[in-house]
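Okay, thanks for coming, everyone.

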Amino acid sequence: MEYEEAKQLIIDGLTKKSKSKSKFYFSDLAKILDMKPRAAKKFVNQMVTEEILEFWSSGSTSMYGLKGMGKQAAAEHED
Amino acid sequence: MAKHDTPLLDQLESGPWPSFVSDLKQEAEVRAKNEKNVEYQIPQDVVEDLLGVLELSFKDGTTHWKHGGIVGVFGYGGGVIGRYCDQPQQFPGVAHFHTMRVNQPAGKFYTSDYLRKLCDLWEFRGSGLTNMHGSTGDIVLLGTTTPQLEEIFYELTHDFNQDLGGSGSNLRTPSDCVGQARCEYACYDTQDLCHHLTNEYQDELHRPAFPYKFKFKFDGCPNCCVASIARSDLSFIGTWKDDIRIDQDAVKGYVDGNLKPNGGAHAGRDWGPFDIVKEVVGLCPTECMRYENGKLEINNRECTRCMHCINVMPRALRPGKVKGCSLLAGAKAPIVDGAQMASLIVPFIEVNKEDGYQAIKDVIEKIWDWWMEEGKNRERLGELMKRQGLQKLIEVLEIDPVPQHVQEPRHNPYIFWKEEEVTGGWDRDVNEFRKHHQR
Ligand code: HEM
Ligand code: SF4
Ligand code: SF4
């Protein structure tokens with residue numbers, strides 16, 4: 001799979017679910033791509049570098065989300 | 001004069017132990033006086049507010065920290081643990097109070113100059129409060145604001161030659177015992193292996209793609225000073241294959257009372273004359289030692305390398321010469337499931353600096369492939385091992401089962417053969433069969 005195709009799949013996949021969820025496990029992303037985790041990781045990393053995805057963490061668990069979506073973006077400013 | 005009244009915290013200072021409350025108050029005072037004229041980049045009264053919010057938590061019986069948040073500097077999925085206070089008006093100094101984990105040097109070797117500079121940086125851009133070191137091993141810098149994160153990261157990487165450590169669902173900062181640098185028991189170079197694998201797996205350390213956390217810890221010998229057997233998903237414990245080296249003259253030295261047992265430790269009280277039969281032979285867990293006619297003998301086949309005899313008589317007994325390490329997997333603290341100690345998976349593996357520790361990396365990567373595919377979200381390796389069985393892990397690692405893999409006699413009478421394990425497989429020649437059997 002080419003990067004552009006993977007990127008679109010993830011954007012579409014996460015946007016579709018964005019009504020109910022804004023944060024996703026890495027395995028959710030690998031599932032969307034239908035790829036082995038190690039291979040999926042390369043694409044996901046690149047999407048982080050391009051600031052399409054961003055990380056969220058509790059400190060022990062890490063999650064991914066579309067940049068600017070949901071709680072993580074508001075986390076610093078929410079009241 | 002303290003900013004907030006803290007009667008509940010003050011009470012903690014009355015106990016017999018050194019109190020973190022006293023430490024916090026001390027730092028609060030230093031910041032208030034600011035004798036060094038530091039241009040504080042985060043609120044000067046951050047520590048006062050930290051004491052205040054903690055007092056409130058004690059009073060309310062609940063935390064006033066929100067759960068989780070931003071996680072770091074650009075491109076990193078870990079190393080910063082975002083923490084926000086849920087009472088920012090009352091305690092503006094800790095409205096943001098992020099923790100930074102800094103990858104400690106292997107063996108935790110520092111110069112005092114380095115530590116001084118690090119503390120200066122943290123007073124300038126953070127709360128001045130540190131935790132040396134966190135359970136994972138990192139240098140833990142407690143409490144700073146979001147705008148400071150990139151600044152601190154830049155200084156750490158450019159002026160301190162230091163990187164952030166791991167947090168979240170990634171490889172956590174690997175940590176090791178002091179090893180060959182200062183310890184004669186070390187069976188391999190823990191610092192080199194720890195440093196090498198830290199560099200090798202930077203991507204796993206900084207970009208979370210694991211089901212949950214994953215820890216490496218390196219102990220040079222079974223004394224397990226970093227407790228790798230209990231605290232890491234993959235534990236590297238130094239060991240040897242051949243016989244314990246015995247110096248019978250030194251054994252006599254201990255028996256005659258000329259050498260102090262345990263290197264002179266436990267000397268605070270008179271334990272009476274050293275009794276080699278009671279204190280060494282009789283305490284060998286596998287009962288594989290014998291002391292007769294002034295000679296100490298060990299049946300090395302039965303020795304489990306528990307280190308007891310060597311610890312008691314280090315001048316007389318030394319680990320063998322063929323050294324390497326044992327790999328154990330699956331230790332964890334109780335979260336989803338109960339606490340677990342690691343299980344032995346590879347009794348002996350060579351620790352070969354020359355080829356970049358290839359044998360060890362092969363094991364690591366096979367384990368990760370399995371766990372990344374089969375592990376559920378937030379499932380530690382030890383839980384996956386329990387769910388699918390050690391047998392499955394042995395299969396994944398493509399190693400042969402050995403007696404050390406057996407924990408207890410089998411209680412399950414069923415054996416399920418796989419086709420490849422049966423000579424000839426499942427195939428049968430129907431025509432040949434029908435020659436002898438009617439339909
Ligand atoms: C080389 C020849 C045979 C082999 C390898 C064989 C193998 C087996 C096996 C593996 C089981 C299952 C055991 C279990 O579930 O724990 C079994 C059960 C049984 N076999 Fe055989 N068998 C053979 C010959 C025979 C013959 C000739 C008869 C009767 C004429 C027979 C009657 C039974 C019966 C009644 C059971 C059920 C026993 C029970 O569950 O208590 N077997 N056999
Ligand atoms: S684990 Fe063993 S080698 Fe490492 S410091 Fe402790 S006693 Fe020495
Ligand atoms: S190392 Fe432990 S098991 Fe081995 S001989 Fe010494 S006391 Fe016994």
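So, which residue does the side chain of Arg38(A) meet in a salt bridge? The partner is Glu204(B), at 3.7 Å, N to O. By salt bridge I mean a side-chain nitrogen of Lys or Arg within 4 Å of a carboxyl oxygen of Asp or Glu. This pair crosses between chains, going from helix α3 (residues 37-49) of chain A to helix α7 (residues 202-206) of chain B. Helices here are DSSP runs (H or I, at least four residues), numbered from the N terminus.

Quick housekeeping: this is a predicted model, where local features need pLDDT of at least 70 and side-chain atom pairs count only at pLDDT 80 or more, while totals for chains, interfaces and linings use all residues. Residues are numbered from 1 along each chain as its sequence is written, chains are lettered from A and ligands numbered from 1 in the order in which they are written, and side-chain values use heavy atoms, with hydrogens and water left out.

Back to that pair. Arg38(A) is partly exposed, at 29% relative accessible area, whereas Glu204(B) is buried, at 10%. Buried is under 20%, exposed is over 50%, and partly exposed is in between (1.4 Å probe, protein chains only).

Over all chains, the search finds 31 salt bridges. Another one joins Arg125(B) and Glu155(B), with the closest N and O atoms 2.9 Å apart. That one links distant parts of the chain, from helix α4 (residues 112-125) to helix α5 (residues 148-159) of chain B, 30 residues apart.

Now the nonpolar side. A nonpolar core is a set of buried Ala, Val, Leu, Ile, Met, Phe, Trp, Tyr and Cys residues joined through side-chain atoms within 4.5 Å. The largest has 54 residues, and Leu53(A), Phe214(B), Phe216(B), Phe236(B) and Trp368(B) have the most contacts inside it. Helix α12 (residues 358-374) of chain B gives the largest share, 8 residues. Apart from that core lies another, of 26 residues, including Cys284(B) and Met289(B).

Those two names come up again around ligand 3, whose surroundings include Cys284(B), Met289(B), Cys303(B), Arg305(B) and Cys306(B). For that list, a residue needs a heavy atom within 4 Å of the molecule. What does the shell look like by class? There are 9 nonpolar, 2 polar and 1 charged residues. For the classes, Ala, Val, Leu, Ile, Met, Phe, Trp, Tyr, Cys and Pro count as nonpolar, Asp, Glu, Lys and Arg as charged, and the others, Gly among them, as polar.

Conventions. Helices (H or I, at least four residues) and strands (E, at least two) are DSSP runs, numbered from the N terminus.
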